Amino acid sequence: MDFETLLVETVNGVTTISLNRPAVLNAFNQQMNRELEQALRSAERDASTRVVVLTGSGRAFCAGQDLGTRMAMLEAGATPHLGEGLRRNYHPLLRRMRAMPKPILGALNGVAAGAGAGIALACDLRVMSEQATLIQAFVRVGLVPDAGNFWNLPRMVGLGRAFELSWLAEPLSAAEAVRLGLAVRTFPPDRFPIAVKELAERLADGPPALYGLIKRGLYRSSSLGLEPMLQYGALLGDAAGPSAMRRPDAPAVRPAT
Ligand code: LHQ
């Protein structure tokens, strides 16, 4: 499938989707929202994709909503409806990322701001180039955070840090992002592509059905109490045995003696 705003390639079970509007730091226009949703849908269906890497072309990951497009709309007399833009352009994308049973690795090669930070935090895990930053930029442009940030950010960093990041809108360094648990590893910029490839291929080598079940369990844990989560975990446990054995090259699962 060819896209105007994305580069997509699949190698060794890893589908890399690069946001590709580098002149505007990969800011989202409606077309990129739509194309990203399509690319994720086709990666989900594609049997040769075991892991998705989401990254950016050029020096940024994503600078959020394209403010140029937004200014042009305002100048043309359009009334800003943030909620409608979020419902139409971002929510389908965020739902698709959450529902996809395959791992999504966010490879933050550079700055992730506003809705770009929202999409980054909606990946299942993140690695960052040492020069990358995360910015909850919304208040700088008169907006409240969303595109998933309201849900993900406080769960990841706790309420105090979520207030600090959202109100002060300062760039958070990669090292600090790892310290707060927002990213799992940093790599020097010159090693970033190869380090991302190695990690993604390691994930692609893992048991896909188990990874999918673990993804469901971990996300469900954010909204369930202990007892329902124990029950849900047991259901996932039941599902895990046969699913683990579905992979032809998986070692045989033997009952514990
Ligand atoms: C951009 C952008 C950009 C267009 C840099 N758009 N061109 C959700 C849903 C619905 C509606 C509205 O909003 C939302 C939520 C949002 O995401 S609102 C947008 C939130 N994002 C921001 O506020 C970030 C705006 N950008 C920046 O603060 C800076 O560009 C950062 C800190 C990301 C990078 O700074 P620098 O490294 O100094 O780069 P730069 O500022 O020089 O930008 C390079 C070029 O990219 C420049 O164009 P030019 O033609 O002068 O080279 C910028 O105009 C363009 N650009 N962000 N969001």
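This is a predicted model: local features need pLDDT of at least 70, side-chain atom pairs count only at pLDDT 80 or more; totals for chains, interfaces and linings use all residues.
**A buried valine, an open sheet and a covered helix**

Val157 counts as buried because its relative accessibility is 14%, under the 20% cut-off. Val157 belongs to helix H5, which spans residues 149-157. Leaving aside residues up to four places away in sequence, Val157 is in contact with Ala162, Leu165, Leu180 and Leu182.

Four strands make up an open sheet with mixed pairing, arranged in the order S4-S6-S8-S9. Its edges are formed by strand S4 (60-62) and strand S9 (172-173), each of which pairs on one side only. Within the sheet, strand S6 (residues 111-113) is joined to strand S8 (residues 133-135) by two bridges in the parallel sense. Ala112 has Leu134 of S8 as its bridge partner. In general, the strands of a sheet pair through backbone hydrogen bonds, in either a parallel or an antiparallel manner.

H4, covering residues 115-122, is mostly covered, with eight of its eight residues buried. The buried residues of H4 include the glycines Gly116 and Gly118, along with Ile119 and Leu121. The alanines Ala115, Ala117, Ala120 and Ala122 are buried in H4 as well.

Key:
Residues are numbered from 1 along each chain as its sequence is written. Side-chain values use heavy atoms; hydrogens and water are left out. Buried means under 20% relative accessible area, exposed over 50%, partly exposed in between (1.4 Å probe, protein chains only). Contact means heavy atoms within 4.5 Å. Two strands pair if DSSP finds at least two bridges between them.
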